[in-house]
Amino acid sequence: MVSRVRVWLNRTYAENVFFMEQLRRNPSDRAVEIHATHGDADSPVLAAADTAAMEPEGLSPAAYVEYALDQCDRREIDVFVPRLHQDAIVGHRADFEAVGTKLLAPTPEAVAVFQDKATAYQAVEAVGVPVPPWWRVRSADELLVAVEQLEADGHKACFKPAAGAGGVGFRVITRAPFSMSHLNGFPSPYVQLDMVLDVLRNTDEDVDWLVMPRLEQPEVSVDCLTGPDSRIRMAIGRTKNGRRRGFTLDEAWLEPARLIAEGFGLHHLSNIQFRMYEDRPVLMDVNTRPAGGLHQLSLCGVNAPWAAVQLALGEDPGDLVPPFLGQDYAVISAPRPVRTVSAPEDEVPAPTSTLPVVPATAAVEEPVAQAAEASAGATAAATA
């Protein structure tokens, strides 16, 4: 009799409720139990898990590793998918294996390279992956030099933190004066150059930004699955052009993703993002974790989360080649249950809910008939 697999996801994104559902609907028909922890009591991942717990706040990375080891030991975790403090956790792989837990995470060296975007750009450029022009800036004067150079070359300048994820801190520079146009409609990522310079010249806070041209669509996010042997088992691109989403196996996007995933030890699941600079794809970002949109590959007949768990357990799933590419689609929101308020915070089974638990593909993907939408594509891109 094949034993059940117990998987733990720590403080992860809400979208990973679909990651969890794919594990349960695995093609091996293997029993999977999921443990989830989070700092937000209303995260839907806690309700979707078989057992859940609130994470302690204020732990240092080293203390968090001790907490994680205790969780794995007490709860008999077979596979741990770390997001919070991933950099500290992967340095203790042997300690986790000693308590019977496999880490579904890259090597410490890979995590270190891609924590800092400037270091990452230098590293991937050295192996032949194109990157956009970029400047690392820590002062108002350095920012002004970078912006003026980009504008002289005909580009809009943007900046983002050298270390960070999820688009936090991303802004686009404009010289247009602040006016009612900036107060009408939805909030915009555009910020006035003179205001940014003034803030930098009058703050005591350190800044560490990357300045680069605003890159053009389409954005292609390549989901990769790589074994501990550094051989890639899956590389599938998810395209984004305004509201429209789709899939691609074009080697212009997949080849540089393979170079990065295999060359830098991005074992298990990673997500490598590209956009267009002038007439060629360039690297935008590398995530050393599963992407929130990974479940969308189910539209191509692929269950990447389960294949990753198999690899972590030492079972090679073989190469994941999509049997077909799903049609274009759009992403929409849908309700998900949260835990009952009265539930204890240390051990919480998933609640019974009157809300329908819909399949991953129905919950966030709205298929778009390509023929019907062809004439509306430009409008959708402009208004998304």
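1. Strand β2 (residues 32-38) runs parallel to β3 and is joined to it by 4 bridges. Alanine 36 stands opposite alanine 52 in β3. Helices (H or I, at least four residues) and strands (E, at least two) are DSSP runs numbered from the N terminus; two strands pair if DSSP finds at least two bridges between them.

2. The model is predicted: local features need pLDDT of at least 70 and side-chain atom pairs count only at pLDDT 80 or more, while totals for chains, interfaces and linings use all residues. Numbering starts from 1 along each chain as its sequence is written, and side-chain values use heavy atoms, with hydrogens and water left out.

3. The open sheet has 5 strands in the order β3-β2-β1-β4-β5, with parallel pairing. Its edge strands, β3 (51-54) and β5 (102-103), each pair on one side only.

4. Helix α3 (residues 61-75) packs on the sheet and touches β1 (5-10), β2, β3 and β4 (79-81); contact means heavy atoms within 4.5 Å. The direction of α3 makes about 155 degrees with that of β1. Helix α11 (residues 304-312) also packs on the sheet, touching β1, β2, β4 and β5, at about 110 degrees to β1. Axes are lines fitted to C-alpha atoms, for helices over the stretch in contact, and angles run from 0 to 180 degrees between N-to-C directions.

5. The largest nonpolar core has 38 residues; Val7 and Met234 are among those touching the most other members. A nonpolar core is a set of buried Ala, Val, Leu, Ile, Met, Phe, Trp, Tyr and Cys residues joined through side-chain atoms within 4.5 Å, buried being under 20% relative accessible area (1.4 Å probe, protein chains only). Helix α11 gives the most to this core, 7 residues.

Conventions:
Buried means under 20% relative accessible area, exposed over 50%, partly exposed in between (1.4 Å probe, protein chains only).
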